[in-house]
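These are my notes from going through one structure, first as a whole and then at a single residue.

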Amino acid sequence: MASVDTSLPPKPTGAAADFAAAHADEHALKLYGGWFCPFVQRSWIVLHEKEIPHQYVEINPYHKAPEFLALNPRGLVPTLAVPTSGSGAGGGGEEKPLYESTIICEFLDEAYNEEKYGTPLLPRGNTPQETYLRARCRLWIDHVGNKIVPGFYRVLQHTPGKDYTIEEARANFLNQIKTFVKEMDDSGPWFLGEKFSLVDVMLAPWAKRLFLIDHYKPGGTGIPAEGTAGDDDEEIWKRWRVWFDAITKRKSVLDTWSADEMYIEAYKRYAEDTSQSQAAQATRKGERLP
Ligand SMILES: N[C@@H](CCC(=O)N[C@@H](CS)C(=O)NCC(=O)O)C(=O)O
């Protein structure tokens with residue numbers, strides 16, 4: 001079983017290879033990642049956006065090496081090794097693990113909060129408005145993780161023998177995207193309008209991977225082209241295109257992206273529904289993603 005997913009190319013390619021090489025030197029803050037993994041890309045984007053000094057360590061999470069499991073018993077990437085003693089977030093001392101991409105991203109944003117790390121990716125402050133805005137960001141981050149992302153795998157892993165049709169899976173997926181888009185502020189390309197935030201980061205890796213559905217699935221994503229959505233939906237998809245164009249051209253997203261054809265190869269097993277990854281198995285069983 002395990003052999004199904006352990007034959008992945010071992011290293012990032014394209015721009016991601018350069019970004020990884022620029023962060024290959026020993027550093028107390030380590031991101032253990034797999035180049036193909038969208039959850040890893042979230043953390044990688046945050047490190048890039050904030051220009052946080054770190055070491056990127058490429059591993060294959062399907063090989064459950066004991067050292068890897070010792071850091072993260074769930075056996076998933078991203079896994080972060082965090083220096084916990086010494087002065088400040090970058091201080092030396094003991095390294096402790098952290099995992100789960102949303103938690104890693106929030107941690108990085110919070111721990112690296114000096115001016116040199118730029119504008120916070122999750123709005124700060126304790127006024128009622130600021131507290132509400134932060135909670136609202138978390139709400140839509142939750143929507144991405146629990147509605148849009150599972151919908152992506154349900155479409156990508158659809159095969160003719162399933163107890164649901166690809167049309168059903170696609171309609172659900174598109175509805176979840178539309179629900180998200182309706183919450184976007186119109187004053188700029190990003191979810192919050194002019195301000196780039198963790199909400200954008202969370203969906204970015206799957207926006208980049210949408211072409212895999214077009215590549216592998218009959219009927220593709222079904223996202224309507226300009227002028228074809230009709231009625232109210234036209235405005236929604238117009239707003240989506242503004243966000244999509246901006247996010248897929250964002251430097252941090254491009255710099256953590258390998259060559260397109262490598263993803264086509266890596267996701268073939270998802271498209272054929274033979275992947276034994278925890279996410280693929282959960283999707284098959286209709287369970288929550290790991
Ligand atoms: N909830 C986790 C999911 C991470 C995840 O599923 N990572 C995949 C790679 S994309 C993995 O490590 N899979 C190993 C496995 O399925 O055994 C997160 O947000 O970090």
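**Notebook: the chain and one histidine**

I began with the contacts of this predicted model, and I noted that, among contacts in the protein chain with a separation of 6 or more, 70% are accounted for by residues 24 or more positions apart.

I then looked up the secondary structure, which for the protein chain comes to 12 helices and four strands. Next came the radius of gyration, and I found 19 Å, close to the 19 Å that the globule rule gives for 290 residues, so the protein chain is as compact as a globular protein of that length. For the extents, I read that the C-alpha trace spans about 55 × 50 × 30 Å along its principal axes.

Turning to burial and surface, I noted that 49% of the 290 residues of the protein chain count as buried, and that the protein chain exposes about 13500 Å², of which carbon and sulfur atoms supply 52%.

I also looked up the charges: the protein chain carries 33 positive and 41 negative side chains, and the centres of these two sets lie 3 Å apart.

Last, I went to His48, which I located in helix 2, a helix covering residues 38–49. Is His48 buried or exposed? I found a relative accessibility of 16%, and because buried means under 20%, His48 counts as buried. When I listed what His48 touches, leaving out residues up to four places away in sequence, I found Phe19, Lys251, Ser252 and Asp255.

Methods. Residues numbered from 1 in each chain as written. Predicted model: local features only at pLDDT ≥ 70, side-chain atom pairs only at ≥ 80, totals over all residues. Heavy atoms only, no water. Helix = DSSP H or I, 4+ residues; strand = E, 2+ residues; numbered from the N terminus. Rg over C-alpha atoms; globule rule 2.2 N^0.38 Å. Buried < 20%, exposed > 50% of the residue type's maximum accessible area, 1.4 Å probe, protein only. Contact = heavy atoms within 4.5 Å. Areas by Shrake-Rupley, 256 points an atom, 1.4 Å probe, with all protein chains shown as cover. Lys, Arg positive; Asp, Glu negative; His and termini not counted. Charge placed at Lys NZ, Arg CZ, Asp CG, Glu CD.
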